[in-house]
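Trainee: Could you walk me through this one before I set anything up?
Mentor: Gladly, let us take it piece by piece.

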Amino acid sequence: MLHQIPLRFARAWNRNDVAAAFADFDENADYVDVDGMQMHGHGVIVAHLSALHETVYAKSMLRIDHVDLRRTTVDSALVRADWTMKTCDGVRRGTLLFVVARRGEPWRVVSAQNTEEAPSVAQIPHERGLTCTWFAPERYALDLSHAAQP
């Protein structure tokens with residue numbers, strides 16, 4: 001059931017039905033878009049994204065590539081969805097993170113953040129086996145020759 005939230009979102013997005021895309025969102029939901037714009041309230045979110053669907057996203061196609069679900073309590077969960085979007089400008093990738101809560105039935109999205117993958121990302125192994133991700137645009141010279149190899 002919860003893993004269907006991003007799938008419903010994408011199906012509605014691809015029909016340019018913004019109201020349906022955000023139908024699982026609570027009236028007081030928060031949303032942060034890929035540009036970092038913070039919105040509060042279902043009506044504000046739908047109005048903003050509807051305007052974008054008339055221009056920038058009018059012909060975009062969103063595909064959900066992978067969904068992860070983690071229950072945090074009996075009545076709350078995190079739903080993470082990796083996505084790929086085709087636009088007139090090319091292909092974009094990112095992650096949608098939905099925070100969902102059950103207040104009766106059905107589950108509602110109380111907050112969500114959409115993060116676009118950085119254009120240039122370096123995975124740097126750490127000596128303790130951890131991996132750090134660093135944003136490294138081409139305009140910055142980053143010497144990784146000293147980084148430990150896995």
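**Order of elements, then details**

Mentor: Along the sequence the chain runs in the pattern α-α-β-β-α-β-β-β-β-β-β, with 3 helices and 8 strands in the chain; helices (H or I, at least four residues) and strands (E, at least two) are DSSP runs, numbered from the N terminus. This is a predicted model, in which local features need pLDDT of at least 70 and side-chain atom pairs count only at pLDDT 80 or more, while totals for chains, interfaces and linings use all residues. Residues are numbered from 1 along each chain as its sequence is written, and side-chain values use heavy atoms, with hydrogens and water left out.

Trainee: What share of the chain counts as buried?
Mentor: Of the 150 residues, 35% count as buried, where buried means under 20% relative accessible area, exposed over 50% and partly exposed in between, with a 1.4 Å probe and protein chains only.

Trainee: And in α1, which residues are buried?
Mentor: In helix α1, which covers residues 4-14, they are I5, P6, F9, A10, A12 and W13. Seen down the axis of α1, these fall within an arc of 165 degrees, so they line one face of the helix; the arc is that of the directions from the helix axis to the C-beta atoms.

Trainee: What do they pack against?
Mentor: The buried residues of α1 pack against α2 (18-21), α3 (42-53), β3 (61-73), β4 (76-87), β5 (90-102) and β6 (107-116), with contact meaning heavy atoms within 4.5 Å. Just after α1, N16 takes a positive phi of about 60 degrees.

Trainee: Switching to rings, how many aromatic pairs are there?
Mentor: The structure holds 8 aromatic pairs; rings of Phe, Tyr and Trp (its six-membered ring) pair if their centres lie within 6.5 Å, and planes under 30 degrees apart count as stacked, over 60 as edge-to-face and the rest as tilted. For F9 and F22 the ring centres are 5.1 Å apart and the planes are at 80 degrees, so the pair is edge-to-face. That pair links distant parts of the chain, since F9 sits in helix α1 and F22, 13 residues apart from it, in the loop between α2 and β1 (25-32).

Trainee: Are those two buried or exposed?
Mentor: Both F9 and F22 are buried, and they belong to one aromatic cluster together with W13, F25, Y31, Y57 and F98.

Trainee: How many cavities of 30 Å³ or more does the structure hold?
Mentor: It holds 2 cavities of 30 Å³ or more. On a 1 Å grid over the protein atoms alone, a cavity is a set of points where a 1.4 Å probe fits but cannot get out, and lining residues have an atom within 4 Å of a point. Grid points are joined across faces, edges and corners, and a volume is the space filled by probe spheres set on the points.

Trainee: What is the volume of the largest cavity, and which residues line it?
Mentor: The largest cavity has a volume of about 80 Å³, and its lining residues are W13, Y31, D33, V34, L49, L52, Y57, W83, M85, R92 and N114. The elements giving two or more residues to that lining are α3 and β4.

Notes: 1 Å grid on protein atoms, 1.4 Å probe; cavity = no way out; pocket = protein on both sides within 12 Å on 5 of 7 lines; lining within 4 Å.
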